[in-house]
Amino acid sequence: MHMIVGLGNPGREYERSKHNTGFLVVDELAKRWEVNCWQSKMEALVATATVGGEPVLLVKPQTYMNESGRAVGPLMRWYKIDEPDVYVIYDDLDLPVGKLRIRTNGSDGGHNGIKSLFANGCRDFTRFRIGIGRPLPHRDVIDHVLTPFPEELQEPYGAGIQAAAKAVEGCLALGVSKGMNRFNPKKKNR
């Protein structure tokens, strides 16, 4: 079984915020897989799907971003899901808007949701990072991540959501290594 976790914040006020990128990708996957039966379990909204004949658990922690591990760790143990079978989708300030990067390991990169996963026994998972860019000069990072994109950035951001959903599907079908080769941006030769 795989667990696909989208990081974000619960509540209407955060629905379209940049920090809810993970929730938006999980919602897109649920739409593609015709999943609409969500239930509350262990401080998260969860739903199950069958993809390629295999069960997949979709997860949206309801603990707020900084405490995401409180939901993910217990769910992972309850369902007996191995860490490499956990895919975590989240926003990344260090990538341009809508750009996708997939990695199988690394540091928390300063992301509080990832720090919380580490603190709750989940370290060896696949990361799907979607760029939200840096705030403008003299703008607060918290304000940047908790607000929606302006109209002119909606298109590249939406393309990033779609690309991440496609990459998750690809990694489920091909395996993470082949999926990374196919869906990570290619490095340009100089």
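Visitor: What makes Thr21, Leu24, Val25, Glu28, Leu29 and Arg32 in α1 a contact with α5?
Guide: Contact means heavy atoms within 4.5 Å, and these α1 residues meet Tyr157, Ile161, Gln162, Ala164, Ala165, Lys166, Val168 and Glu169 in α5. The residues of this contact divide into eight nonpolar, two polar and four charged. Here Ala, Val, Leu, Ile, Met, Phe, Trp, Tyr, Cys and Pro count as nonpolar, Asp, Glu, Lys and Arg as charged, and the others, Gly among them, as polar. The model is predicted: local features need pLDDT of at least 70 and side-chain atom pairs pLDDT 80 or more, while totals for chains, interfaces and linings use all residues. Residues are numbered from 1 along each chain as its sequence is written, and side-chain values use heavy atoms, with hydrogens and water left out.

Visitor: Why is α1 called oblique to α5?
Guide: The axes of α1 (residues 21-32) and α5 come within 9 Å and cross at roughly 60°. Angles under 35 degrees count as roughly parallel, over 145 as roughly antiparallel, 65 to 115 as roughly perpendicular and the rest as oblique. The angle of roughly 60° therefore makes α1 oblique to α5. α1 passes α5 in a right-handed crossing, a term used if the near helix is turned clockwise from the far one by less than a right angle, with anticlockwise being left-handed.

Visitor: How do you know that α5 and α6 are oblique to each other?
Guide: Helix α5 (residues 151-174) and helix α6 (residues 176-183) pack at about 140°, with their axes 7 Å apart. Angles run from 0 to 180 degrees between N-to-C directions, and axes are lines fitted to C-alpha atoms, for helices over the stretch in contact. At about 140°, α5 and α6 are therefore oblique. This crossing too is described as right-handed.

Visitor: Which residues of α5 and α6 meet?
Guide: Lys166, Ala167, Gly170, Cys171 and Leu174 in α5 meet Val176, Lys178, Gly179, Met180, Arg182 and Phe183 in α6. By class, the residues of this contact are six nonpolar, two polar and three charged.

Visitor: What makes a pocket, and what is the volume of the largest pocket?
Guide: On a 1 Å grid over the protein atoms alone, a pocket is an open set of points where a 1.4 Å probe fits, with protein on both sides within 12 Å along at least five of seven lines; lining residues have an atom within 4 Å of a point. The largest pocket has a volume of about 540 Å³. Of its 28 lining residues, His19, Leu93, Gly110, His111 and Asn112 are the closest to its centre. The lining has nine nonpolar, 11 polar and eight charged residues.

Visitor: What is the volume of the second largest pocket?
Guide: About 200 Å³. Its lining has eight nonpolar, three polar and three charged residues.

How values were computed:
Helices (H or I, at least four residues) and strands (E, at least two) are DSSP runs, numbered from the N terminus. Grid points are joined across faces, edges and corners, and a volume is the space filled by probe spheres set on the points.
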